[in-house]
Amino acid sequence: MSELLTSFFCFGLAMFIFLRRLKTSPFHGVSSSSLFTPSFYFSPNILTHFFCSRCSFSTTLNFTDSNGLFNLETIKKAVIEERWNDFRILGFFDSALSPIWVSKILIGLKQDPALAFKLFKWAGTQIGFRHTTENYCVVAHILFCSRMYSDAHNVLRQLVILHNNNNDIQPFPSCTVLDVLWLTRNVCIAGYGVFDELFSVLVELGMLDEARDCFLKMRNFKVMPKARSCNNLLHKFSKVEDRMLAKKFFNDMVEAGIAPSIYTYNIMIGFLCKVGDLKAAKSLFVRMKNTGVFPDVVTYNSLIDAYGKNGELSEAVCMYEEMKEAECFPDLITYNTLINCFCKYDKMPTAFTFLREMKESCIKPNVVTYSTFIDAFCKEGMLEQGIKFFIDMRRVGLTPNEFTYTSLIDANFKMGNTDNALKFVKEMFEAALKLNIVTYTALLDGLCEHGKINEAEEVFKAMVKDGVVPNRIMYTAFMHGYLKAKRIDDAMKILEIMKENNIRPDLVLYGTIIWGLCNVGRFGDVKALLDEMKECNVEVSEVIYTALIDSYFKAGKNVEARNLVSEMKGRGINPTIVTYSSMINGLCGLGYVDEAIECFSSMKISGLQPNVVVYTSLIHGLCKNERLEDAKKVFVEMTERGLVPDKIAYTCLIDGTMKQGNIEEALGLVKRMTESGVELDLHAYTCLISGLSRFGQLEQARALLYEMIEKGVEPDEVVYGCLIHKYHEFGNTEEADLLLDEMTGRGHAPITR
């Protein structure tokens with residue numbers, strides 16, 4: 001009794017201090033977040049807070065003002081009868097202490113929770129009144145104790161949102177809501193489920209840091225959230241892919257005595273697999289089994305998928321076998337995962353083995369199964385087999401999805417089947433399937449690659465209208481298309497549009513446009529782009545350097561090309577085989593044969609072994625500069641290294657040998673060429689027929705003409721011209737006219753001299 005009197009004395013003193021201040025300051029509704037500001041000492045909430053902490057929201061107290069207006073039973077009756085205009089109810093809201101009276105009335109009405117909730121909602125609609133945190137917590141306790149869980153959840157959710165979104169004051173720390181909820185816990189004695197409800201609200205609203213703080217404070221209060229609620233927070237942590245936070249909270253759960261369930265382990269193992277921490281995932285898998293929690297199909301599927309994506313196919317199969325031994329039966333996802341992994345790493349026979357096992361287990365392949373195989377066939381260039389699977393898929397009643405069509409559209413474009421690709425696009429529209437960004441990318445890339453730039457522009461407009469935001473790959477495809485069409489200015493506009501849309505060009509895009517500019521000799525623009533790359537911290541790659549070196553040599557800019565080689569080496573970028581090939585070809589083309597030979601030697605000294613292309617470039621350059629003997633030596637070195645000379649290498653030597661009048665040697669090279677499986681092409685036949693004609697060997701030349709026609713190599717005006725000219729020179733106009741008629745009959749116009 002003495003404690004109660006002391007409480008009321010202190011309460012009265014606090015009221016006196018507050019009311020004195022109230023004379024000089026108009027009252028505004030104040031949230032209990034004011035507990036964290038200096039105005040706390042003069043806020044009505046201190047009264048409520050003080051009252052709650054001292055009296056613990058005693059429900060045995062009755063209160064009446066000096067005039068008897070605020071009798072609880074009278075107020076209760078008015079609320080029951082919904083007499084909201086009753087002067088005794090309205091009188092509360094004329095007082096600065098109205099939040100306190102509301103809390104007391106709510107407590108008085110706790111035996112009728114629906115009525116208490118009705119009063120709470122009505123009070124919240126009154127102009128100039130704002131519920132305190134205590135009001136919210138009191139009604140949450142009442143509702144939860146009365147098993148009105150949904151309403152309690154909504155009240156707590158509204159409280160958290162109000163404090164989190166309040167612009168007038170600093171955001172209210174979520175742990176303080178927990179403090180007030182804890183202080184008001186004696187409103188109802190029916191367990192601590194309401195605290196779990198608050199924790200769940202924070203998780204639901206995505207306030208993950210606040211939820212973890214709440215968890216730690218609840219642990220100090222010895223009131224723990226349910227395992228299910230903790231799993232929800234753990235799941236949210238895994239979605240934001242914060243490895244440290246997820247691991248930390250998992251350990252917090254275990255330390256707090258919350259035993260991880262199969263669902264808990266699946267969240268963590270799935271998350272660790274997703275972020276590529278396979279070692280930690282496997283360790284947790286072992287720990288799980290050691291604690292007596294048996295893995296289920298979800299656990300095994302996560303690990304199989306992770307091993308497969310990491311290229312550890314044998315480990316994926318081991319996990320699959322362990323799964324079956326544990327009598328945990330593989331499901332559709334298991335088989336689809338295995339099929340996808342093996343298709344991805346070009347192990348299609350093994351993928352078909354799993355397809356067979358899948359069917360033997362009476363699990364029907366779904367659209368994902370078929371689409372995976374179709375995509376694998378398409379990427380392997382086996383379009384016909386992909387189409388067969390596509391037909392079979394529809395035959396069994398499955399509807400292709402965007403992924404299926406995208407694979408077929410992309411493959412048809414890459415195989416040059418533009419019309420078929422567009423037919424699949426049409427099918428997608430007819431099936432009411434919306435083109436996604438991947439489909440649009442494949443479509444735009446295919447159209448640009450095949451020179452249908454106008455059609456690509458129309459598709460692009462439709463795509464933007466459809467709400468699909470263009471990406472860097474699309475812009476790169478457009479740029480490549482414009483460059484191929486020699487529409488350089490349009491390509492440069494694409495670069496500007498990208499910058500306007502805050503899409504930073506990457507190395508591939510810069511490389512594409514530099515290649516295009518080099519092809520048309522716009523080296524000034526190339527220099528500007530290289531400067532831009534430097535400003536954007538995009539390193540020039542060996543590919544771009546090689547393209548520039550090749551272009552400068554072809555443009556006759558020997559000094560600039562050599563400077564680039566020096567710059568490349570100075571930046572620690574080693575020339576590649578392709579770079580050396582371009583340098584050798586360029587130097588030979590400009591007549592710097594000795595320097596080309598030095599470059600060839602430097603390449604070998606650097607540890608790079610010349611390939612067929614490099615040898616061919618040097619042989620071609622030597623022959624072109626009448627260094628036939630040196631060319632022959634390089635040819636011999638090439639064959640001694642086990643490399644098979646290509647058509648160009650043979651043709652260069654044949655042409656050079658023929659020009660020196662060594663007909664037998666040239667024909668010997670032809671024999672060697674055909675015996676090695678390299679067929680003569682138009683250029684090779686032209687060199688032979690031209691050489692034989694030059695030295696008067698018209699019968700052999702004529703025989704080669706008919707040989708090439710028989711083998712399907714169409715002779716051109718140059719071939720016919722060599723023979724016709726020589727027959728005229730020998731005075732055999734009859735044969736010359738016959739060849740002229742034959743030439744025109746094959747659709748070739750005579751060469752005018």
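## Close-up views of a helical chain

**View 1. Threonine 334 and its contacts.** Leaving aside neighbours within four places in sequence, threonine 334 touches Val297, Asn301, Ile304, Tyr320 and Met323, where contact means heavy atoms within 4.5 Å. This is a predicted model, in which local features need pLDDT of at least 70, side-chain atom pairs count only at pLDDT 80 or more, and totals for chains, interfaces and linings use all residues. Residues are numbered from 1 along each chain as its sequence is written, and side-chain values use heavy atoms, with hydrogens and water left out. Threonine 334 sits in helix 18; helices (H or I, at least four residues) and strands (E, at least two) are DSSP runs, numbered from the N terminus. Is threonine 334 buried or exposed? Its relative accessible area is 0%, which means that threonine 334 is buried (buried is under 20% relative accessible area, exposed over 50%, partly exposed in between, with a 1.4 Å probe and protein chains only).

**View 2. The whole chain, for orientation.** The protein chain holds 41 helices and zero strands. Of its 753 residues, 45% are buried. Among contacts between residues at least 6 apart in sequence, 61% join residues at least 24 apart.

**View 3. The largest pocket.** Here you are looking at a pocket with a volume of about 530 Å³. Its lining has 22 residues, and those closest to the centre are Gly270, Phe271, Cys273, Lys274 and Ser302. A pocket is an open set of points on a 1 Å grid over the protein atoms alone, where a 1.4 Å probe fits, with protein on both sides within 12 Å along at least five of seven lines; lining residues have an atom within 4 Å of a point. Points are joined across faces, edges and corners, and the volume is the space filled by probe spheres set on them. Which helix gives the most to the lining of the largest pocket? That is helix 14, with seven residues. Helix 12 (227-239), helix 14 (262-274), helix 16 (297-309) and helix 18 (332-344) each supply at least two. The lining divides into eight nonpolar, nine polar and five charged residues (Ala, Val, Leu, Ile, Met, Phe, Trp, Tyr, Cys and Pro count as nonpolar, Asp, Glu, Lys and Arg as charged, and the others, Gly among them, as polar).

**View 4. The second largest pocket.** Helix 29 (523-535) , helix 30 (542-554) and helix 31 (558-570) each contribute at least two residues, and the largest share, seven residues, belongs to helix 29. By type, the lining has ten nonpolar, two polar and seven charged residues.

**View 5. The nonpolar core around isoleucine 619.** The largest nonpolar core has 216 residues, and those with the most contacts inside it are Leu106, Phe199, Phe249, Phe373, Phe478, Ile514 and Ile619. Helix 7 (residues 133-145) gives the most to this core, with eight residues. Such a core is a set of buried Ala, Val, Leu, Ile, Met, Phe, Trp, Tyr and Cys residues joined through side-chain atoms within 4.5 Å. Beyond neighbours within four places in sequence, isoleucine 619 is in contact with Ala631, Val634, Phe635, Met638, Ala649, Cys652 and Leu653.

**View 6. Helix 38 and the helices it packs against.** Helix 38 (residues 682-694) has 13 residues and spans 18 Å from its first C-alpha to its last, close to the 18 Å expected at 1.5 Å a residue; the expected span is 1.5 Å times one less than the number of residues. Its buried residues include Tyr685, Leu688, Ile689 and Leu692. The buried residues pack against helix 36 (647-659), helix 37 (663-675), helix 39 (698-710) and helix 40 (717-729). Just after helix 38, glycine 696 takes a positive phi of about 80°.

**View 7. Tryptophan 182 in helix 9.** Tryptophan 182 lies in helix 9 (residues 174-183) and counts as buried because its relative accessibility is 18%. Setting aside neighbours within four places in sequence, its contacts are Tyr192, Phe195, Phe221 and Val223.

**View 8. Two loop residues with positive phi.** Most residues other than glycine have a negative phi. Arginine 147, in the loop between helix 7 and helix 8 (149-165), has a positive phi of about 65°. Glutamate 626, in the loop between helix 34 (612-624) and helix 35 (628-640), has a positive phi near 60°. Arginine 147 is exposed, with a relative accessible area of 67%, and glutamate 626 is exposed at 73%.
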